[in-house]
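Here is a short briefing for a first look at this structure. Keep the sequence and the model side by side while reading.

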Amino acid sequence: MATILRKTEKIQDTKAVKEFLNKNGIIYESFPAPPALDSILGQKSLNDPEKEELLRGLEYRFEDLKKQFGYIARDLVVLHDEIPGIQDVLAKFDKLHIHTDEEVRYIVDGSGVFGFIVNGEKFEVHVSKGDFISIPENTNHWFTLDDAFRIKAVRYFKDNTGWTPVYVDESKVLVHS
């Protein structure tokens, strides 16, 4: 279940999380992964055949999302502390940026933090297993792993070409109070 940290409050109630994010243009849902996938989800790293097995086990979710949102492709990202150059990988996304396409993640294991500046407000969304989040194109955000330093997320795409991060100067979008 996602948790939102704002300057003056912490939102943990699922309904309140969903309402707050939807009000800010961000789609949030919670989809538990099938228990049959628990053994593969529990592994820290996955080889390519294991990644394909996991994606096949979630194919029903992809079919639903294709119908609902028009996604045409998906892949699986697996991040953890033993990946060579992990800090360099994370450095691409831990600074404020936008994408020209939506960014969609279904967290199937582990956890992380999406940060946002929307309508001048800075807030964080801590995501974990079962959380589905869709960030609209041109939304100011960043991502990092949390202290667990481990995540598996399915990425869904309508078009892979809008995926280069465009970095944003935080001082230009943050309203200081």
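The points below cover the annotated site, the aromatic rings and two further positions.

This is a predicted model: local features need pLDDT of at least 70, side-chain atom pairs count only at pLDDT 80 or more, and totals for chains, interfaces and linings use all residues. Residues are numbered from 1 along each chain as its sequence is written, and side-chain values use heavy atoms, with hydrogens and water left out.

**Annotated site**

- An unreviewed UniProt entry lists H97, H99, E103 and H141 under "binding site". UniProt positions follow the numbering used here, feature names are shortened, and annotations may be inferred rather than shown by experiment.
- These residues span 45 residues in sequence, yet no two of their C-alpha atoms are more than 11.5 Å apart, so they gather at one spot.
- From this set, E103 is in the lining of the largest pocket. On a 1 Å grid over the protein atoms alone, a pocket is an open set of points where a 1.4 Å probe fits, with protein on both sides within 12 Å along at least five of seven lines; lining residues have an atom within 4 Å of a point.
- H99 sits in the loop between β5 (97–98) and β6 (103–118). Strands are DSSP runs of E with at least two residues, and helices are runs of H or I with at least four, numbered from the N terminus.
- H99 is buried, at 1% relative accessibility. Buried means under 20% relative accessible area, exposed over 50%, and partly exposed in between, with a 1.4 Å probe and protein chains only.
- H141 belongs to strand β9 (residues 140–145). H141 is also buried, at 1% relative accessibility.
- Leaving out residues up to four places away in sequence, H141 touches several residues, including H97, H99 and E103. Contact means heavy atoms within 4.5 Å.

**Aromatic rings**

- The whole structure holds 11 aromatic pairs. Rings of Phe, Tyr and Trp (its six-membered ring) pair if their centres lie within 6.5 Å; planes under 30 degrees apart count as stacked, over 60 as edge-to-face and the rest as tilted.
- F62 and Y156 are stacked, because their ring centres are 5.9 Å apart and their planes meet at 25°.
- F62 is in helix α4 (residues 59–69) and Y156 in strand β10 (residues 150–157), 94 residues apart. Both are buried.
- F132 and Y156 form a tilted pair, with centres 6.5 Å apart and planes at 50°.
- F132 lies in strand β8 (residues 131–135) and Y156 in strand β10, so this pair ties together parts 24 residues apart in sequence.
- One aromatic cluster is made of F31, F62, F69, Y71, Y106, F132 and Y156.

**Two further positions**

- I11, in strand β2 (residues 10–11), is buried at 9% relative accessibility.
- Beyond neighbours within four places in sequence, the contacts of I11 are A2, T3, I4, R6, A16, V17 and F20.
- G85 lies in the loop between β4 (73–80) and α5 (86–91). G85 is partly exposed, at 42% relative accessibility.
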